[in-house]
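Subject: The two-chain model, with notes

Hi there,

Here is the structure I promised to pass on.

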Amino acid sequence: MTDIVAELQEAIGEEKVLSSPVDLIAYSFDGTFEQHAPEAVVLPETDEDVAAVIKVASRLEVPVVARGMSSGLAGGSIPFSGGVVVSLTRMNRILEIDEENMTVSVEAGVVTADLQAEVEKLGLFFPPDPSSNRQSTIGGNIACDAGGPRCLKYGVTGDYVLGLAVVLHDGRLLETGGKSIKNVVGYDLTSLFVGSEGTLGIITRALLRLVARPQFVRTALAYFPSLDDSSRTASAILSAGIVPATLELMDETAMTCIEEAMHLGLPLDVEAMLIIETDGSDEEAVVREIGEVARICRETGAREVKVARDEAERDTLWKARRSVSPSLARQAPNKLGEDITVPRSAIPEAIRRIRAISESYGLPMVIFGHAGDGNLHPNVLFDRRDPGQWEKVEQIVGEVFNVALELGGTLSGEHGVGTFKLPYVEQALGATSIDIQWRVKRALDPQNILNPGKVLPDT
Amino acid sequence: MASDVVAEEFTRTVEEEALHCVRCGLCLAVCPGYRESLDESDSPRARVALVRAVKEGLLEEPTEGFSNSFFRCLLCGACTFACPSGVAVDRILELTRGEMAGLSLLPPALAELDDRIAEYRNVSAEDNDGRLVWADNLPEPPTGLGKEKAEIAYFVGCVGSFFPRTYKVPQSLVQVFDRAGADYSLLGGAEWCCGYPLFLNGELDRARDMIKHNVEAVRAMGAKKVVTTCPSCFLFWKHTYPTVMGEEDLGLEVQHATEFLADLLEAGRVKLREMDETVTYHDPCDLGRKGGVTEAPRRILAQIPGLRLVEMAENRDSSHCCGGGGNLETFAPDVGQAVARSRIRQAADVGATTLVSACQQCERTLANAARAEKLRIRVKDITELVLEAME
């Protein structure tokens, strides 16, 4: 253990290496309830620092776990096998904003919201918007291929990655992609590293695509007595040729939970509510579209539709959605938030089955998600101090994953696999896929030191 | 020494508060200390995790390193305000600091500060009777000087009393008082440290002595109101004094000077001249987010003709600490200085030529930061600005 610390200090300088018991606790967890302390933490400032750290780890054969702000929800950045945590938070420079080609070049530790604020000053826009965008870094977002409410219209983080700089297991620097939109020379290594959760290399820089910032946004909220109607509405809106910037769904469980905690005056005799936004650079079109959305909602069974007239009203409409997390926290000490995806049309069936699971185990679950892309967040509420409850949670999670797979969906839409979903990965992907993925992993990490025990189940 | 009361509350709070932290990390986004160091060890989330780690046996008994992480905090309260799970991080910090004091794990500089306050009744280790030196070279002696009975007790606070660079704060306020014909008095040597620094260092028992003395001194004056210019004195008087005294209220109205001035100016009895300035207002943490006074200072600024108020990106409840909080200056000055520089850059970003605050500590810290950043921004206390507008 002392060897690692001493060698790391020698390699990158004492001030960039942490190893006190207090520091090791600080770097032992992510946005979940699991934790495991590393043996050392490094705060590199350059690609060379990262390479030097990997070389030390490779020589000593100890695990290397990369992280940003560690707000992940699947255990992906927890150093379960000990080793060295590489915190990229100090590599946080925005290197270049190319207005003409609409790209931005950044270091991995840039906070996503900071990146967004900077490019928006120039009328540009980086759309992926995980709700953790203030407490997650772009490197982490790429490594988990983060999503967010805007994904239906704008796509996920990976859709905006044009190129990457990655430090490989042997300390070499791999640079992929470039500013050209079209690039078909060789295998698409950029995509290989997107969503790889630090298991194939450590992303230190990224070249990202930007779009023009939409200048106008309109927001509507609709209450649906019938869950099925809310789902039909989502399809009807898309079929009408409107691609909303967001299409957020909260079911009865979520509305009740919020109402109990926040007293916002939400109706409790409806099965679902939708928050829908249209955006764009043509105000008339955006307004026309939200009007059309409201009309469709009414036709497909909404009991009440509200369209915000100004920013203050927009804020009010969002209040319920933003209150989800605080409301959950008031209900129970722990929550486990899943993020299954199903085909859009299967949302009502998925929700019904999940609620039946919740009832059969007697643990409350709260469901909300993105109605446009079929990504649902069923949250189990529990108290981890009660071993009986924890056992039930594990069973519930397995059953929820089964629901997703049975309905033609998958385990994770935007959080990633980490360790939380490992036991279900083979079922989701099949043996052939797992075999191929392990071959890729071994080619890029022959010593199995890069975030070991994540993403791929042991074979 | 940490009192038993603190020890009991500590246990309860760790169970009830720390347990509700879901580790989402949102506090990192608002923590001024973390934002400078970019090291999770300096984050509110890590501090909560440390408290829990001790309870769960993952960490052995608190060590110096453990203690230091709780004192390397500005106590600005941004994390508590932002926490979606409603975890009272500020409470966890206060109580853990109390535990550390009880275990003699207070950083030496802070332990010395506490001894100084207990001995001299002020933070500066000066003769406490020298509290009114600032009143010596005013054009007219303040009418509140040596007055035995008055409606308002002006509680100047240690920094305003003993730090020559901040003399202008009490000097300005007494001149405004006098022009407005207010019936006020100055406590002089009968004013002791409000006790807040002791409380922040976890020394509630020592703070209690200060509190009792100050309440008696003000009562002896027959005052109906205590006015402070220091937001920390204000916060402590308003929210902690009644609890410690075991009284629902003290039979006294506690007002920050900005509240007094806002009412005074809005009543229209004072004529103000035009000021052609672009001003931004910095909300002191103890006054705004923690004390609940965010609008009074803005009401004052709105009364000054010609003055343009521009808001920094982070304002009111979301204000960014000046860097001068948490007694950190005496213990880890580097953290505060970096935080201060970030804050003054926010003022530059919105084109302010003057930054106004309502706290002598914010003013001092931010004025230093403006110099360090070579920015042409004047930093003033709002009482000073009001006096200028009256001239």
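This is a predicted model: local features need pLDDT of at least 70, side-chain atom pairs count only at pLDDT 80 or more; totals for chains, interfaces and linings use all residues.

**Where the two chains meet**

The interface between the chains takes 29 residues from chain A and 25 residues from chain B. On the chain A side, the elements that supply two or more residues are α2 (21–26) and α12 (324–331). Of these, α2(A) gives the largest share, with 5 residues. If you sort the chain A side by residue class, you get 12 nonpolar, 11 polar and 6 charged.

**Domains of chain A**

Chain A is split into domain 1 (2–89), domain 2 (92–212), domain 3 (216–325) and domain 4 (332–426). I looked at the pair formed by domain 1 and domain 2 of chain A, whose centres, taken over C-alpha atoms, are 22 Å apart. Their contact involves 17 residues of domain 1 of chain A and 20 residues of domain 2 of chain A. On the domain 1 side, α3 (47–60) and β3 (64–67) of chain A are the elements that give two or more residues.

**Domains of chain B**

Chain B has domain 1 (4–105), domain 2 (109–262) and domain 3 (271–390). Between the centres of domain 1 and domain 3 of chain B, again over C-alpha atoms, there are 28 Å. In the contact between these domains, 11 residues of domain 1 of chain B meet 17 residues of domain 3 of chain B. Helix α3 (residues 32–37) of chain B provides the largest share of the domain 1 side, 3 residues. That side is made up of 7 nonpolar, 2 polar and 2 charged residues.

**A helix pair in chain A**

Next, have a look at helix α8 (residues 227–239) and helix α10 (residues 283–299) of chain A, which pack at an angle of about 140 degrees with their axes 9 Å apart. At that angle, α8(A) and α10(A) are therefore oblique to each other. Their crossing is right-handed. From α8(A), the contact uses A:Thr233, A:Ala236 and A:Ile237, and from α10(A) it uses A:Val293, A:Ile296 and A:Cys297. In terms of class, 5 of the residues in this contact are nonpolar, 1 is polar and none is charged.

**A helix in chain B that also packs against chain A**

Which residues of helix α5 (residues 64–71) of chain B are buried? They are B:Phe66, B:Ser67, B:Ser69, B:Phe70 and B:Phe71. These buried residues pack against α4 (44–55), α7 (89–102) and α8 (108–120) of chain B, and also against α2 of chain A.

Within chain B, α5(B) and α7(B) pack at about 140 degrees, and their axes are 10 Å apart. This pair is therefore oblique too. The crossing of α5(B) and α7(B) is left-handed. At the contact, B:Ser67, B:Phe70 and B:Phe71 of α5(B) meet B:Leu93, B:Thr96, B:Arg97 and B:Met100 of α7(B). Those residues divide into 4 nonpolar, 2 polar and 1 charged.

Happy to go through any of this with you.

Best wishes

Key
Residues are numbered from 1 along each chain as its sequence is written. Chains are lettered from A and ligands numbered from 1 in the order in which they are written. Two residues are in contact if their C-beta atoms, placed from the backbone, lie within 7 Å. Helices (H or I, at least four residues) and strands (E, at least two) are DSSP runs, numbered from the N terminus. Ala, Val, Leu, Ile, Met, Phe, Trp, Tyr, Cys and Pro count as nonpolar, Asp, Glu, Lys and Arg as charged, and the others, Gly among them, as polar. Domain bounds come from an automatic or database domain assignment. Axes are lines fitted to C-alpha atoms, for helices over the stretch in contact, and angles run from 0 to 180 degrees between N-to-C directions. Angles under 35 degrees count as roughly parallel, over 145 as roughly antiparallel, 65 to 115 as roughly perpendicular and the rest as oblique. A crossing is left-handed if the near helix is turned anticlockwise from the far one by less than a right angle, and right-handed if clockwise. A residue is buried if 20 or more other C-beta atoms lie within 10 Å of its own, exposed if 12 or fewer, and partly exposed in between; C-beta atoms are placed from the backbone.
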